[in-house]
Amino acid sequence: MRIGVLTGGGDCPGLNAVIRAVVRKGISTYGHEFVGFRDGWRGPLEGNTRELGIAQVRGILPRGGTILGSSRTNPFKIDGGVEKIKSNLAELGIDALVAIGGEDTLGVAAKLTDLGVNVVGVPKTIDNDLGATDYTFGFDTAVNIAMEAIDRLHTTAESHHRTLVVEVMGRHAGWIALHAGLAGGANVILLPERQFDVDQVAGYVEKRFQTQYSPIVVVAEGAQPLDGQMVLHNQELDAFGHVRLGGIGQWLAEQLEAKTGKEARTVVLGHIQRGGTPTAFDRVLATRFGLGAIDAVHEGDFGKMVALQSTDIVRVPLADATRELKTVPVERYTEAEVFFGS
Ligand code: F6P
C-alpha cells in the first residue's frame, strides 16, 4: 500500500515518535510505502508532500514538534476543498492516510471517512481532553514542564513574599492545571470546568501567607471568574472557530494584589508547554499508538482511531474521539481542594 501521513492542529511532543513507529513498522514488517504530507490537511489539499522513508525518520524519536509541519487548515471550510483532497490522493496513488491530530484534525478525518477516504486516526493533544482514550501523548510532557516551572516559582515567591500566578494551557479542560498544580504543590488550582470566586481565592492566598509560605496559584487559560466574562486576548477565530485565549493570569494577579495587599506576579507558560523533547511516558505512548495505527491500516480497518484504554492500545470509531470533550470530573477537583490555602 502507499500510505500518506499527516500531523494537524497544535503541535505536541511525541508526534515524531508516532511518525517514526508508523514508518518503521510499515516498511520493515509490512513492506508498505509512505508519503509525508506537509502541514496538516493543507498537505493533501495542495498536494504538498515530502519523502518519508526509514532514512527520514532516523533520529527523530526525541525531537519535539513534527517533521511534517502542522496547520489548522480545515478543508471543509474551503470551497471545493474535499474534492481537491480526493483528486490529489488519487493522483498521488495514496491508498490510505494516517492522520495524527486532536479533535479538529480527527473531526475532518471522520467526515472524510464517510466520504470514502481510507483514514486511521491517532489522537494527540497536550490538553488530554479527547474522549475515548485515557491519555494522549504530549500531556505528560506539558505537565512536567509546568511542574518544573512551579517548583522554581516557589523559591522566588517565598524570597519576596509574593503571590505567583501561573497560567497554563487548557481552554475547555483543566487537566494540565490539575496535574501540574497537584505535582507542584500549588495552593489554589483554577479550571475551566468550575467558575471561581476571586474573593475566595484571595482568602486562600491570605491564609497561605499566614503560614509564612508564599502561594502559587495555577490557573488554566480557560478558567473564568464567577460573573465575569472570559478574559480574551482578542476576538480572532481560527479555521475551526477557536478564539485565542490568554490574559486570565494577569487579571487574577492584579485582583489578588489589590485584595490582599501582597505583591503578585504572573507567569504565562504558553507554548513552552508544547515545545521540546517528549518524556519517556509520551515517547512510549506515541510509539505504541504508531504501531497500532499501522496495524489498523494494514488490516484495512479504516474509520478508526487508536486509543489507550487502561494499558492496552485499542481501536475505536473515529467519531467517538470527537463526540464528547473529556473534562475534569468534580470528584477529581474535590481531591485537590484539600490543599487549597493550606
Ligand atoms: O489544543 C492544544 C493547545 O495547546 C491549547 O491548550 C491551547 O489553547 C491552544 O492549543 C493554543 O493554540 P495555538 O497554537 O493556536 O496558539
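**View 1. The Asp39–Arg42 pair.** A salt bridge here means a side-chain nitrogen of Lys or Arg within 4 Å of a carboxyl oxygen of Asp or Glu. In this predicted model, the side chains of Asp39 and Arg42 make one, with N and O 3.5 Å apart. Asp39 has 21% relative accessibility, so it goes down as partly exposed. Arg42 is partly exposed too, because its relative accessibility is 33%. Going by that rule, the count comes to 15 salt bridges.

**View 2. What sits around the ligand.** Here's the shell: Arg72, Ile126, Asp127, Met169, Gly170, Arg171, Glu221, His271 and Arg274. An N or O atom in the side chain of Glu221 is 2.6 Å from a ligand oxygen. For His271, a polar side-chain atom sits 2.8 Å from an oxygen atom of the ligand, and for Arg274 the figure is 2.9 Å. On its own the ligand has 400 Å² of accessible area, and the protein covers 78% of that.

**View 3. Arg274 again, this time with Asp11.** Besides its place in the ligand shell, Arg274 forms a salt bridge with Asp11, and their closest N and O atoms are 3.0 Å apart. The two come from distant parts of the chain, 263 residues apart. Arg274 is in the loop between strand S11 (264-268) and helix H10 (280-298), while Asp11 is in the loop between strand S1 (2-7) and helix H1 (15-28). Arg274 counts as buried because its relative accessibility is 15%. Asp11, at 24%, is partly exposed.

**View 4. A salt bridge from helix to helix.** Lys259 and Asp199 pair up in a salt bridge, the closest N and O atoms being 3.0 Å apart. This one also links distant parts of the chain: Lys259 belongs to helix H9 (residues 248-260) and Asp199 to helix H8 (residues 198-210), 60 residues apart. Lys259 is partly exposed, with a relative accessible area of 36%. Asp199 counts as partly exposed as well, at 47% relative accessibility.

**View 5. A salt-bridge network.** Four residues are linked up in this one: Glu299, Asp301, Lys304 and Arg315. As a rule, side chains of opposite charge can pair when their charged atoms come close.

**View 6. A nonpolar patch on the surface.** Leu182, Val338 and Phe339 make up this patch, and together they have about 290 Å² of accessible area. Leu182 is found in helix H7 (residues 175-184). Its relative accessibility is 35%, so Leu182 counts as partly exposed.

How values were computed: Residues are numbered from 1 along each chain as its sequence is written. This is a predicted model: local features need pLDDT of at least 70, side-chain atom pairs count only at pLDDT 80 or more; totals for chains, interfaces and linings use all residues. Side-chain values use heavy atoms; hydrogens and water are left out. Patches are made of residues with over 30% relative accessible area and no salt bridge: like charges are joined within 9 Å, nonpolar side chains (Val, Leu, Ile, Met, Phe, Trp, Tyr) within 5 Å. Accessible areas come from the Shrake-Rupley method with a 1.4 Å probe; for residues, only the protein chains shown count as cover. Helices (H or I, at least four residues) and strands (E, at least two) are DSSP runs, numbered from the N terminus. Buried means under 20% relative accessible area, exposed over 50%, partly exposed in between (1.4 Å probe, protein chains only). A residue is near a molecule or strand if one of its heavy atoms lies within 4 Å of it. A polar contact is a pair of N or O atoms within 3.5 Å; within protein, one must be able to donate a hydrogen and the other to accept it, and residues adjacent in sequence count only if both atoms are side-chain atoms.
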